[in-house]
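Subject: Structure handover

Dear colleague,

Here is the structure we spoke about, with its sequence. Please look through it first, and then read the notes below on what was found in it.

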Amino acid sequence: MTTPGDAIRFDHVDYSVGGIHILKNITGSIPERKITTIVGPSGAGKTTLFKLCNGLQSPDSGEIFIKDRDITRYEPVELRRNVGIALQKATMIKGTVKQNMGLPLKLQGKELEEDRANDLLKTVGLAEVSLQKKAKDLSGGQQQKLSIARTLVNRPDILLLDEITSSLDSVSRQDIEELIEKINNQYGTTILWITHNLQQALSIGNYTWVMMDGELIETGESSFLRNPQNDRVKQFVRGEIE
């Protein structure tokens with residue numbers, strides 16, 4: 001069995017907006033084929049880190065490597081095929097389930113085949129949903145599953161998840177958690193998941209990053225959250241820092 005390498009590597013990455021330092025000297029690696037959760041208070045820079053990973057923004061300094069290749073050497077379309085992203089709000093375009101799912105291919109001038117679309121619905125647990133159903137008529141949990149299916153259309157090696165269960169009820173949240181674990185196990189997809197739910201980070205993550213004030217404070221196997229070494233992380237885990 002091969003040893004996983006690095007799916008993403010950050011080397012002294014800094015990023016600022018309007019003179020405000022958002023990310024400060026981020027250095028660390030995300031292992032391939034594992035689930036890494038990212039936790040930290042609001043304003044820690046977690047979402048900005050994601051935007052750097054799929055080229056929506058570029059660092060002021062430092063380097064980012066996707067599978068040992070400098071991110072600047074990827075064409076934007078190629079990068080976003082390799083690095084998919086699903087957001088907290090599963091934005092749906094006006095139209096059917098199939099039209100929403102096929103959007104990534106439409107942007108490439110291609111068409112999503114019906115068999116492939118049905119296979120993806122089955123993968124994300126929406127086998128009972130008609131491709132011709134209006135996407136906006138789906139429940140919140142169903143829309144989030146459809147958003148993930150849409151992200152999987154490009155068969156990304158890396159999947160970025162930004163608070164995708166924060167607005168869902170407990171049943172829908174558990175469904176999504178099981179789906180992400182299934183995607184990771186069946187396809188070997190590298191998962192990077194921002195969550196405010198520490199219990200979720202513990203139960204889902206193989207590894208966890210704790211970010212605070214734009215800095216990477218502590219990393220390791222997710223179990224370290226039960227007994228962190230850093231004093232600020234201890235305060236955060238106890239709920240003293242939000």
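Helices H6 and H7 are roughly parallel to each other, a label used for angles under 35 degrees, whereas over 145 counts as roughly antiparallel, 65 to 115 as roughly perpendicular and the rest as oblique. The axes of H6 (residues 140–152) and H7 (residues 170–187) cross at roughly 15 degrees and come within 9 Å; axes here are lines fitted to C-alpha atoms, for helices over the stretch in contact, with angles running from 0 to 180 degrees between N-to-C directions. Helices are DSSP runs (H or I, at least four residues) numbered from the N terminus, and strands are such runs too (E, at least two).

This is a predicted model, in which local features need pLDDT of at least 70 and side-chain atom pairs count only at pLDDT 80 or more, while totals for chains, interfaces and linings use all residues. Residues are numbered from 1 along each chain as its sequence is written, and side-chain values use heavy atoms, with hydrogens and water left out.

On the H6 side, the contact between the two helices (heavy atoms within 4.5 Å) is made by Gly 141, Gln 144, Lys 145, Ile 148 and Leu 152, and on the H7 side by Ser 172, Asp 175, Ile 176, Leu 179, Ile 180 and Ile 183.

Two of these residues, Lys 145 and Asp 175, also meet through their side chains in a salt bridge, at 3.6 Å from N to O, the term being used for a side-chain nitrogen of Lys or Arg within 4 Å of a carboxyl oxygen of Asp or Glu. This pair links parts of the chain that are 30 residues apart, with Lys 145 in H6 and Asp 175 in H7. Lys 145 is buried at 13% relative accessible area, whereas Asp 175 is partly exposed at 31% (buried means under 20%, exposed over 50%, partly exposed in between, with a 1.4 Å probe and protein chains only).

By this rule the count comes to 10 salt bridges. Another one joins Glu 111 to Lys 98, with the closest N and O atoms 3.4 Å apart; Glu 111 lies in the loop between H4 (103–106) and H5 (114–123) and Lys 98 in H3 (residues 97–101), so the pair ties together parts that are 13 residues apart in sequence.

Glu 240 forms a salt bridge with Arg 238, the closest N and O atoms being 2.9 Å apart, and Arg 238 is exposed at 54%.

Best regards
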